[in-house]
Amino acid sequence: MNIRKKMAAGIASLLLVSLMVGCNSSNDGGGATDGGAQKNVTISYTIWDKNQQPAMEAIADAFTEQHPNIKVKVDAIPWGEYWTKMSAAAPAGMLPDVFWMHGGQFMKYAEGQFLEPITDKVQANEIDLNNYASNLVSIYTMDGQNYGIPKDFDTIGLAYNKELFDQANIPYPDDTWDYAKLAEVAKQLSQPDKGIYGFGAKLDTQAGYWNDMLANGGFILNDDMTKSGYDELASIEALKARYQMILDKASPTHQQMTDTDSVEMFKSGKLAMIFDGSWDNGNLASSEIIKGKYDWAPLPKGKVKRGNIINGIGNVMSTKGKHKDEAWQFLKFLGSKEAAEITAEMGAAIPAFNNTQDAWVKNNPDLNLQVFIDQAGDATPYPSGSKSYPVWFSKEAEIMSQAWGGAISIEEGAKKVAEMMNQAIEGAK
């Protein structure tokens, strides 16, 4: 790299980090106390969902009412830019005081020591992690250390277009459905000549075939995360069954769903059923075409159980924050029942705090959102809690897209993924 390019790269880095100023710890008084008198402090809280910003600001306001010297500035950065900016801010020591963390990104930031451990706070009973489902707490735990407080959770449901079912005179999906019924009805509802299909058998993990694999008795990783389950017979069988719906023309092809995502197809009335996450209900409801014409059912039962992946956002705090005591007070408040109730009542997300989810369900009385709550107890945590996860997850789609595109068989793709995952696991030891 010549000098000019080096200078340009340096300037670009500085500009990128400077963009993080809105995320940095800000200081109105230099500290919480000075000779016993509390000084005013403003801390930063950064999220990625603009739709949830009003609820997060309401929580921040409620916190400030109890802590008048601490104000919270809530910034929303779109998901597409969020991790780029966080990646630049972390090594520069400019992460927000408190921010949202995703299970798929957690290990990178925990391993980099960019997140403040909260284990001592837990052990001192400053916060009780029993207030949240254990499968959510585990997402933000590494090497026995706790780093995050569960904010909300999401599970997967079967969204269906009631109008297409009514036109075909087929009863709506319910909790008696199994995968055979799903495939059967998907065929009945498909009208390829009109561009309408029964089900979107898309290439997807969390909202796709991971649920199928679990339901059929397979697994993604074994319990101690030392072995891939992609090459298990039950996993391969589940993957083949999903792909078969494409071959049966009960689903659009992989290329069609690459050109137009299956969620968008569903929103435009071209798909009768899709698997989708609770986080996407607002997106579906935003479609004037299907608004009032869709509902949710639980995922179908498999040979072994009803598979479901549970994930959730965690609130974390930076190790480099200038006001860590104040940030901890806010982080603790974010994990409170009061904050959870604000989240639910404003319809922002399913709160993680036990027994506060009813308000979220009641916020959309015309939809069967209870299915997301009911499936949480038996759901499998999103498999990101290993150091090998960032390595294998980025390669998984590359291999499986070859299988979904027909370049290699489903079985060959699954075995290639298993081999790659096991190598990543070995390499991370």
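Student: Which residues does Ser235 touch, not counting residues up to four places away in sequence?
Tutor: This is a predicted model: local features need pLDDT of at least 70, side-chain atom pairs count only at pLDDT 80 or more, and totals for chains, interfaces and linings use all residues. Residues are numbered from 1 along each chain as its sequence is written, and side-chain values use heavy atoms, with hydrogens and water left out. Contact means heavy atoms within 4.5 Å. Leaving out residues up to four places away in sequence, Ser235 touches Met213, Gly218, Phe219, Gly229 and Tyr230.

Student: Does Ser235 count as buried or exposed?
Tutor: Ser235 is found in helix α10; helices (H or I, at least four residues) and strands (E, at least two) are DSSP runs, numbered from the N terminus. The cut-offs for relative accessible area are under 20% for buried and over 50% for exposed, with partly exposed in between (1.4 Å probe, protein chains only). Ser235 has 0% relative accessibility, so it counts as buried.

Student: How are α9 and α10 set to each other?
Tutor: Axes are lines fitted to C-alpha atoms, for helices over the stretch in contact, and angles run from 0 to 180 degrees between N-to-C directions. The axes of α9 (residues 205–215) and α10 (residues 233–247) come within 8 Å and cross at roughly 135 degrees. Angles under 35 degrees count as roughly parallel, over 145 as roughly antiparallel, 65 to 115 as roughly perpendicular and the rest as oblique. So α9 and α10 are oblique.

Student: Which residues of α10 do Gly208, Tyr209, Asp212 and Met213 in α9 meet?
Tutor: By class, this contact of α9 with α10 has 4 nonpolar, 2 polar and 2 charged residues. Ala, Val, Leu, Ile, Met, Phe, Trp, Tyr, Cys and Pro count as nonpolar, Asp, Glu, Lys and Arg as charged, and the others, Gly among them, as polar. On the α10 side, the four residues of α9 meet Ser235, Ala238, Leu239 and Arg242.

Student: In what order do the 5 strands of the open sheet stand?
Tutor: Two strands pair if DSSP finds at least two bridges between them. Edge strands pair on one side only, and here they are β4 (70–76) and β8 (149–150). The pairing is mixed, and the order is β4-β3-β5-β15-β8.

Student: What angle does the direction of α14 make with that of β15?
Tutor: Helix α14 (residues 324–334) packs on the sheet. It touches β3, β4, β5, β8 and β15 (314–317). With the direction of β15, that of α14 makes about 170 degrees.

Student: Which residue in β5 stands opposite Thr46?
Tutor: β3 (residues 41–47) and β5 (residues 98–101) run parallel and are joined by 2 bridges. Opposite Thr46 stands Phe99.

Student: How many residues of β10 are buried?
Tutor: Ile156, Leu158 and Tyr160 point one way from β10, and Gly157, Ala159 and Asn161 point the other way. Both groups are buried. For β10 (residues 156–161) the count is 6 of 6.

Student: Which residue in β13 stands opposite Asn161?
Tutor: β10 pairs with β12 (residues 271–277) in the antiparallel sense over 5 bridges, and there Gly157 stands opposite Asp276. Another 4 bridges join β10 to β13 (residues 294–297), also antiparallel. In β13, the residue opposite Asn161 is Tyr294.

Student: What covers the buried residues of α15?
Tutor: Helix α15 spans residues 337–345, and its Ala339, Ala340, Ile342, Thr343 and Ala344 are buried. The cover includes α2 (53–66), α14, β16 (350–351) and α16 (358–362).

Student: Near what value is the phi of Lys249?
Tutor: Most residues other than glycine have a negative phi. Lys249 is found in the loop between α10 and α11. At 53% relative accessibility, it counts as exposed. Its phi is positive, near 60 degrees.
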